[in-house]
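Subject: Structure for you to look at

Hello,

Here is the structure I said I would pass on. Please open it and keep it beside this message while you read.

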Amino acid sequence: MFTRYSSINRHIISSSVVAGLMIALLAGVIQFSVFHHRRAVQFDTTISSLQNYLNGYFRQILVTMDSLQPLTMNPCDDVSSELTARAAFSMNVRAFLLVKDHIAYCSSATGQMSLPLKDLVPDLDLNKTHVMGIVAGTPMMPTTPAFVLWVKSPLLENRGIFASINANLMPWSSTHRNKRRTTAWRWW
């Protein structure tokens, strides 16, 4: 009789252990799913925020570059101060270059120059109206990567504006971090 109760107790204990393991496994799967879903939502939000920031930033740069197009009709000495001022007040712009016949003849950073753009960025197709690329560095900052942007003049043949832009997401990062903190408080 004692063995019968012992057998029933073992059966209850083993059933309880199996049930406990199943519940723990189910709880772990649910927690992992919830965590994975939150991470996916956070990632989607981050990517969307970054895309909105970059779209707005490059829209602003393109407006500035379009306003600089008339300067390509003048010699560098006449427009270098305005070119330098525009670069100084454009966030993350390293330099604006005025280009005529695929040769950069004026820089907001260095003034008068004569540099074929193919020497600076050989892979960009300068026959297109807008071209963007990434370079490992620029002549003034050879070890720091940068975005480069070419905007061909809509009015004058073989002229345009070339910009080198710091590959810096710090302004977005700081505003995105503040938004994320605000959102986190709502979850709790």
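Below is what was found, going from the whole chain to single residues.

Please keep in mind that this is a predicted model.

The whole protein

The protein has 188 residues, and 30% of them are buried. Its secondary structure consists of 4 helices and 6 strands. Among contacts with a separation of 6 or more, 52% are between residues 24 or more positions apart.

The disulfide

How many disulfides does a search of the whole structure find? The count is 1. As a reminder, a disulfide is a covalent bond that joins the sulfur atoms of two cysteines. Here the partners are Cys-76 and Cys-106, and their sulfur atoms are 2.1 Å apart. The link between Cys-76 and Cys-106 is right-handed, with 60 degrees about the S-S bond. Cys-76 belongs to helix α2 (residues 76-88) and Cys-106 to strand β2 (residues 103-107), so the pair ties together parts that lie 30 residues apart in sequence.

Are these two cysteines buried or exposed? Buried means under 20% relative accessible area. Cys-76 counts as buried because its relative accessibility is 4%. Cys-106 is buried as well, because its relative accessible area is 0%.

Helix α1

Helix α1 covers residues 2-68, and Val-17 is part of it. Val-17 has a relative accessibility of 46%, so it counts as partly exposed.

Asp-66 counts as partly exposed because its relative accessibility is 41%. In sequence, Asp-66 and Ile-161 are 95 residues apart. In space, the C-alpha atoms of Asp-66 and Ile-161 are 8.1 Å apart.

To find these places in the viewer, start with the disulfide of Cys-76 and Cys-106. Then go to Val-17 in helix α1, and end with the pair Asp-66 and Ile-161.

Regards

Technical notes:
Residues are numbered from 1 along each chain as its sequence is written. This is a predicted model: local features need pLDDT of at least 70, side-chain atom pairs count only at pLDDT 80 or more; totals for chains, interfaces and linings use all residues. Side-chain values use heavy atoms; hydrogens and water are left out. Helices (H or I, at least four residues) and strands (E, at least two) are DSSP runs, numbered from the N terminus. Buried means under 20% relative accessible area, exposed over 50%, partly exposed in between (1.4 Å probe, protein chains only). A disulfide is a pair of cysteine sulfur atoms within 2.5 Å. Contact means heavy atoms within 4.5 Å.
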